[in-house]
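Please open the model in your viewer and colour it by chain, so that each stop on this tour can be selected in turn.

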Amino acid sequence: MSRKLVIKRGKKVGAAPGTLVHVGTGSAAETQLEVFDFDQTHLTEQRLRDPELCLPLLTSDTVSWINVDGTHQAPLIESLGKLLQLHPLVMEDIMNTDQRPKLEEYDGYLYIVLKMLQFDQKTREIRTEQLSLILGERLVISLQEQPGDVFDGVRERLRSGRRKRFLDADYLAYALIDAVVDHYFTLLENLGDEIELLEDELIKNPTPGTLAHIHHFKREMLLLRKAVWPLRELLSRLSRDETPLVSQETRLYLRDVYDHTIHVLDTIETLRDLLVSMLDLYLSSASNRMNEVMKTLTLIATIFMPLTFIAGVYGMNFEFMPELAWHWGYPGVLLFMTAVVCGLLLYFKRRHWF
Amino acid sequence: MSRKLVIKRGKKVGAAPGTLVHVGTGSAAETQLEVFDFDQTHLTEQRLRDPELCLPLLTSDTVSWINVDGTHQAPLIESLGKLLQLHPLVMEDIMNTDQRPKLEEYDGYLYIVLKMLQFDQKTREIRTEQLSLILGERLVISLQEQPGDVFDGVRERLRSGRRKRFLDADYLAYALIDAVVDHYFTLLENLGDEIELLEDELIKNPTPGTLAHIHHFKREMLLLRKAVWPLRELLSRLSRDETPLVSQETRLYLRDVYDHTIHVLDTIETLRDLLVSMLDLYLSSASNRMNEVMKTLTLIATIFMPLTFIAGVYGMNFEFMPELAWHWGYPGVLLFMTAVVCGLLLYFKRRHWF
Amino acid sequence: MSRKLVIKRGKKVGAAPGTLVHVGTGSAAETQLEVFDFDQTHLTEQRLRDPELCLPLLTSDTVSWINVDGTHQAPLIESLGKLLQLHPLVMEDIMNTDQRPKLEEYDGYLYIVLKMLQFDQKTREIRTEQLSLILGERLVISLQEQPGDVFDGVRERLRSGRRKRFLDADYLAYALIDAVVDHYFTLLENLGDEIELLEDELIKNPTPGTLAHIHHFKREMLLLRKAVWPLRELLSRLSRDETPLVSQETRLYLRDVYDHTIHVLDTIETLRDLLVSMLDLYLSSASNRMNEVMKTLTLIATIFMPLTFIAGVYGMNFEFMPELAWHWGYPGVLLFMTAVVCGLLLYFKRRHWF
Amino acid sequence: MSRKLVIKRGKKVGAAPGTLVHVGTGSAAETQLEVFDFDQTHLTEQRLRDPELCLPLLTSDTVSWINVDGTHQAPLIESLGKLLQLHPLVMEDIMNTDQRPKLEEYDGYLYIVLKMLQFDQKTREIRTEQLSLILGERLVISLQEQPGDVFDGVRERLRSGRRKRFLDADYLAYALIDAVVDHYFTLLENLGDEIELLEDELIKNPTPGTLAHIHHFKREMLLLRKAVWPLRELLSRLSRDETPLVSQETRLYLRDVYDHTIHVLDTIETLRDLLVSMLDLYLSSASNRMNEVMKTLTLIATIFMPLTFIAGVYGMNFEFMPELAWHWGYPGVLLFMTAVVCGLLLYFKRRHWF
Amino acid sequence: MSRKLVIKRGKKVGAAPGTLVHVGTGSAAETQLEVFDFDQTHLTEQRLRDPELCLPLLTSDTVSWINVDGTHQAPLIESLGKLLQLHPLVMEDIMNTDQRPKLEEYDGYLYIVLKMLQFDQKTREIRTEQLSLILGERLVISLQEQPGDVFDGVRERLRSGRRKRFLDADYLAYALIDAVVDHYFTLLENLGDEIELLEDELIKNPTPGTLAHIHHFKREMLLLRKAVWPLRELLSRLSRDETPLVSQETRLYLRDVYDHTIHVLDTIETLRDLLVSMLDLYLSSASNRMNEVMKTLTLIATIFMPLTFIAGVYGMNFEFMPELAWHWGYPGVLLFMTAVVCGLLLYFKRRHWF
C-alpha cells in the first residue's frame, strides 16, 4: 500500500496564492503539446515544444484542442498561462494535482478539474490522474499529469470526416468528459468482477487473506467515491448554469453524462454496501467455524474425561478393592465404559450437536 | 450468483455518443412490433416486422401503442428511431439496457426508462428487464428486452369496450407505468414471504445456510433499491412538471403511482432494516450457543479433573502410603469423590449455570 | 409472528385503477353506518344500513359525521362513493387497506388516510387498522376496517352540549385525527414500559429469550415508524396548504397535532436507539459471561493438569525409582503439590483473574 | 433507572383539547407567583398567591416578570390563563410537562417551551424540568414545574442598577433563555468529566460495570439530544421571523444563543460518537482478554497433556515392558519429558504466544 | 489524554452577556500588539503595549494589521474593544476560547472565529487555538490565544515589495484564513502518515496497543471534524453574502479556500471511514487468531485424550486382564496408539484444520 491517502503538499503551505510549485508525482517524459486545429474542411495535427507557437491558432477562426501531457514542468505551464491570460489561481490548481473535481467560471473561459481513474490489475489498486480542462470560445485545453489517456476515440473521430459537431468547442469538451466518465464504467466492471470473485471465495473457502482483501476494496471504494462524488455537482451546474460558453444542444449531452455519473455513484454505493455485508458474513462464518471447533473439543473432552476417570479409579492401589479380584471385573468395566459413551453420544445427538 | 453486479458495457467505451451498440443480454426470439391502433369506436391489433409500416398510424387521428419485444436488434431500433425522428441519445439509451430509471423531455415527446422486476422462485433472485417508454401526442411506444411482460391487463381493457380514457395517450402511458409499479408489490410479497420464512427458521433452527440466505437477500435488496429509488424523482417530476403532453387529470393518476412508489421504497427499507436486525439476532444466537457449549465443557472439566487427580494420587506407587492399607480407604475415597461432585454441582447451581 | 410484513394485494395487480377489490382482512360483522347529524341546538344519532338514506343529510344545513365500520363490503362502499361523487382512485384506496398515510385534495373534499394503532398485550404486537377520512363542507366521513375505535371522547362531546366548535366540519376532522394521534402516546407508553422491563431483565438476568424480545421490539418499531412517519408531512401540509375547507382557526389546532406527531416520532427514534444500545449491551454481557466461563475452565485446568501429571509420574512402574522407597516421599509429594497450587493461585491473583 | 422514557399522559387521551389535566410529577410545595415589576427607576419585588392581584401590573407602563413555580395546580393556571386571555391550547401545554421545546405565535404574545436540565451527581442521571415562557409587550411570564432554577443571575442584575436593557421585555426573555442554555454547558462539563473518567477506567481497568455505565450514558445522551435538538429550530425562527415582539437588537443576542445551542448539539454528537467508540474499544479489549485466557489454557494443556500421557504409558501394568527394568529408565523418561517441554516452549515462542 | 472534551466555562454561567471573563488556558507571556501599517510605498512594523497607541492608525489612509497574542488579559481586550467600538458580544466571544468557527456581521466590521490546529508529534494529539479576526475597512485585527502562528508567510510577503494586493484589507484577511486552512493539510498529512503506519502495523503485527491507537485517532478525528465543519458554511457565506467589506475579486480567492475546506472535510471523512474499517479488520483478525488458538487446543486434546485413556485402561489393577500377560501386549498397544494418532491426523487433514 504505497499510495498515500493524503498527497503531500507541505512545501506549498504558506506560499502566496498563485505560486507555481508542482504538487504530485512528476513524469520523466518531456512535456509536449499535442495540437489539433480544425474546421469543417481541414484538420492540422502537430506536436509542439514551445507554447508561443500556439498563438496564431488562438486568433484564427478554427477550433483548437491543445493537449498537454505532464503538468509538472512549471515554466511551460507558466508561459502557457501567460499566453492565455489565465488567472493565477487556475495555474496554481493545474500544477497542484491534489484537487477535488470542480468547475470554476472566469472571464472568457471555464476551468474544470476531473480525475482519470485506472484499475491496476497487478496491485488491485486504483490509480488517479488529474485532468484539467480549459474551455474557451473555439478552444479546449486539456492538461494531464502523464502520457496515456482515454481520448483515442475522440482523436479518431476528429481525424475521420465525422467532426461536424466538434466545430462547437463545448461539444469537444463534452466528448472529453464523456470519455473520462465512460471509463469509470470499465473500472467498475473490473472492481465488480474482483469483488464477485471475492464473494465466491468467501462463501466457498474463506481465509484470513479474504478479510484483508475486503478491507483493501473498502479502502479503494473510499478513494473512488472521493474522486467521483464532486463530479455530480460539477456536471449538474455545467448542464444548468447560464454560461454563453455552453450551448443549449450540448447541455442535453451533458445531462446525459450527469445521468451516467449518478449511475456510477449508485454502483459505488451498492458495491460498498455489498462489501460491508460481506464483512458481516465473514465474521459470522468465523463465529460458526469457532462453534464447530468448540463442539468437537467439548465432544472429545466430555467422552474421554469420564472414561479416563473410571480407568483411574481402578488404577488406584488400595489393598481392599473387591472389584479388582472379580473374574468379570475387567470386561464389566469395559462394558460400563461403552455404556457411558453410548449414553453421551445419544445425549449429544438429541441436542443436535452433530 | 451468476448475475453480474455491474453490467458490461466495455465495448461501448470511447465510441461516439449515439453509436448504437446493444449492451445487455439479447433474446433469441425475433423482434416484432405489436401495434394497437384505436379510437372511440374501432381497435386494430396487428403484428408487424417492418417499422416503415407504422408510418400511416403516426399521421392518423387515432391513438397508437407500439410495443417492441427485444431491443437488441440494432437495425430495427435504428429504422424505428429515424421514422420517429428520435434524438441519437434516446436511441443509444434504448439499446443500452444498463440505464437508471429516468425521464427526459425532448421536442414533441417524453422518454422514460423503467425497470420491470421479476422474482425467480428457483434461484430466489430478482430478474431485471429494462422498459423504455416514448410518449408522444397520440402515440406510446414501449420497448422491452424480451417477450413476456405485465401489460396483459392493459391489453384486455383496450380490447374490451372500456377504453374511453385511453384516448389520451398520456393515460395509456400511465396505465403501463402503473402495471410495472403494481408488479413491484407482487415482488415484495414474494420477498416478504421468503424473509419471514427465513426469520422463522432463524428463531427455531438456525444453520450456517440461514446466514448465507440473509446475505443473499441483503444483496437482492441492494439491487432492488437501486432499481426503484430513481423512480421516485421520475414520477414526482412527471406529475408536477409543466409539459403539454401530460394532462391535469392524468397527473392525478400519476400522483397515485408516485404514492405507490414511496410505499414500495418504505417497504424495501423496512425489509432491509429487518434483515440487518436478523443478522444481529443470528450473531447473538451463535454467541449464545457458543456459551452453552463452553459451559458444558467447563462443567465436565471442572467435575472430572479433580476426580481424576484424586484417583491419580492413590495410583501412586509410594511404599509408605498409609491410606492404601486402610480397610475403608477405597469406599472412603469414593465417598469423598461424591462429596466433591455434589459440592461442585451446588456451586454451579448457585451461579445459574444450568 | 403471524402478521405479515407486506400485505397481500396480489389479486389486484393488473386491474384497472378504480377497480374495487378489498385488500386486507375483513371483519365478519355487518357494515353499518353510524350517523351523527347536528347543529347548534339539535343532534340526531342513528344507525343506517343503506347509504341512500344519508342523502337528505348531505343537502341540509346541518353538519354530518358518517362513521363506517368495515370497509370490506365492496357494494356498500361503491354506493356510498357514487352518492358522494368520489373519485374512483379514492374509492379504490378506501378498500385497499395497505395504504401509506396520505392527504389528497379533490374538488370539494379532502381525502385523508391514517393508521389507528393498538398494542396487543398478549402477543406484544402492534395491530394496525386503516382509517380513511373524507372532509367536505359540513360533512365528515370516517371509514374503518373493523368496529371499535378511539372516538368515544368525540362522541361524548357531541352528545353533551359542548359541540359549538364542531359546527365547523374541519374541527370535527381535527378532533378525530387528534384522537388517533393521542392514542399513539398510549401505545408508546405501553411499548416504553415493556422495553424498560426488558432493560431491567437485561441488566439483572439476561436470557436468550431477552434477545428474541429485543429483536421483536425492533421489528415492531420498524412497523410503527412506517405507519407514523408519513403523518408528519400530511399534517404539515394540512396546517399550511391553502384549502378553503380548513379554516385559519383549525389550522392552529392542526399545528398542535403536528407537534404531537413530531414528538411521537422523536420518541420512536429514541426507543429504537435504546434497543440498539440494549443489543450492544447484551452482546457485550454475553462476551463477558463467556470470559467468566473461560476463566473458570482455564483456572481448573491450570491447577489440576500439573497435579495430575505429578501423580502420574509417581504412578509409573519403573523398578528403580528411589523416591518411591523414601519414607517421607508421599507426604513430600503432597506438600509439593500444595506448593504448586498456592503458586498458581498467587499467579492468577496477581493477574486479577478472580 | 426510575425515570420513565415515555411520560404517562394516559389519563388525558380522548379529552377535549384544552382540558386542563396536569401531566407530570407535581411538587408538594404550594404554587406561588414571584413578581418583578420595574421601570428605569423603580423595582418592586413581591410574592403573590392570587393571580388576580397581577391585573394592575398588566395595564401599567412598567415591565413585569411573573415567575410561577409549580405548574401542577390546575385552578391557579386556569385563572392566570383567563386573566391573560391565553389560548386553551397554550394552557393545556403549560400543564402537560411532556412537551417538545417549541415556539408558537399567538395574537399579542409568543409561547415558548424549553427544558431546564440538571445533572444529578448521585444517580448520574439528567433531570428534566419544563419551562414555559410567555412573552407579551412589557410582560414575561415564566412557568416552572418546581422551585429552584437557573435565573438567580438575572434576578441579581434586575435588583442592581444594571437593568436598562431589561426595559425591553424581549431582552428579559432572551436573558432567561440564555441562562437555560448556558446551564447546558455546565451539564455537558459534568457529563464530559464523567465520560472521560469512564474512558480512563476503560483503558486501565475495564470491568462489566464499565459496560453498564457506557450504556447508561448513551441512554442519557439520547434523552439529552431529544431535549435540546428542537431548540435549534426554535431559536433560528425566533431570531429570524418577523414578529413585532422581538426587536432587531435582541435578535442579535438570540443569534448568539442560537450559536451556543449548535455548539451544545455538536458536543452532544461528539460525546455520543465517543461513547460508541468506547463500546467498540470495550468489545475489542474483551476479545483480547479472551484471547489471552485461551492462550494460557492452550499452553497449559499442550504442555501437560503429552507429559501426562507419557507418565500414563509407564504406569501400564504389562508384564513385558523392558524399559521398566532398565536402570536409567526413570531418569531417561524425566529427561525425555523435559525435552518435550523445551520443544513445545520453543514452538510457542516462535509463534509469538508469549 | 489530558485535554478536555468540553472546555470548562462554568465560572461564566449566569453572568450578564458581555461580561468579560476569560475562558480557556492562558499563556504566561505578556500580551503584545504586533502592528503592521502600510500603503503602496511604506511599511511600518512595531510592537506596542498600549492599545491607545493604535488610534492614529485607525484614522489614517494606510492599511493596518494588528495581531494580538494572548487573549486572556481582560483589561487589554476591553480597552481594545472600546477603542474600536466593538459589540459586547464580540468582546465576550474573543475571550471565550470555546467558540465554534463562525461569521458575524456588525455595523462597519465582520467578526470571524477560526481554529488553528497543530499536530503534537509527542502526544499524537491535535492542539487547538482560537483565532478571532476582525475585518474593517482598511483594518484587520487578529487575536490569538498564544504566541506562535502560521502567518510567517504573510509577514514575509508584506515586508517584501509584493504587497500590492494587500492594500485591500479583505485580501489580507483572506491571506490569513488561507494560511490557517493550508496548515490543515499539513495536519492531515501528519495524521494520514500516522494512520497508514498504524494500518501497516495492523496487517503485519497487531497488538492490543494498536487497538488503543485506533481509538485515539478516532477521537482526534471527532475533534478535528468539530473544529473544521462549521468553516464550510462560514466560507460559503463569506464568498457569497453581499457585504461591502469584501470585494468581488477577493470573493474569487475565498471560493478557492472554500474548495480547500471541502477537500479537508472529504479527507477527514475518508480517514474516519478508514479507521472504522481498520477496527473491523482488527476485530476480525482477533477472531481469526482465536480460531487458530482454539484449533491448536482442540487438536492437542483430541489426540492426547484418547491416548491417555488407553494408557489408563492398561494401568488398571484388575487381577484378570489377559492382555497384560501377552508377550506382544505392550508393543501392540503402542502400535494401536500410533494408529489412533494417524487416524485423527488424517481426519483433521480432511477438514482442513492445518
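This is a predicted model: local features need pLDDT of at least 70, side-chain atom pairs count only at pLDDT 80 or more; totals for chains, interfaces and linings use all residues.

Select chain A and chain B together to begin. A rotation of 72° with 0.0 Å of shift along its axis brings chain A onto chain B, with an RMSD of 0.1 Å, and the two copies are therefore related as by a five-fold rotation axis. To find where chain A comes nearest to that axis, select Gly315(A), whose C-alpha is the nearest in the chain at 4.7 Å from the axis. The copies use different surfaces, since 15% of the contact residues of chain A recur in chain B.

Next, look at where these two chains meet: 55 residues of chain A are in contact with 48 residues of chain B. On the chain A side, select helix H4 (152-159), helix H5 (169-204) and helix H7 (248-313), which are the elements giving two or more residues; H7(A) gives the most, with 32 residues. By class, this side of chain A has 23 nonpolar, 18 polar and 14 charged residues.

Now turn to chain C, where 47 residues are in contact with 53 residues of chain B. Which helices of chain C each supply at least two residues of the side that touches chain B? Select helix H6 (208-238), helix H7 (248-313), helix H8 (322-325) and helix H9 (329-350) of chain C to see them. The largest share, 17 residues, comes from H7(C), and the residues of this side divide into 28 nonpolar, 10 polar and nine charged.

Methods:
Residues are numbered from 1 along each chain as its sequence is written. Chains are lettered from A and ligands numbered from 1 in the order in which they are written. Two residues are in contact if their C-beta atoms, placed from the backbone, lie within 7 Å. Helices (H or I, at least four residues) and strands (E, at least two) are DSSP runs, numbered from the N terminus. Ala, Val, Leu, Ile, Met, Phe, Trp, Tyr, Cys and Pro count as nonpolar, Asp, Glu, Lys and Arg as charged, and the others, Gly among them, as polar. Copies are superposed by least squares on the C-alpha atoms of residues with pLDDT of at least 70 in both.
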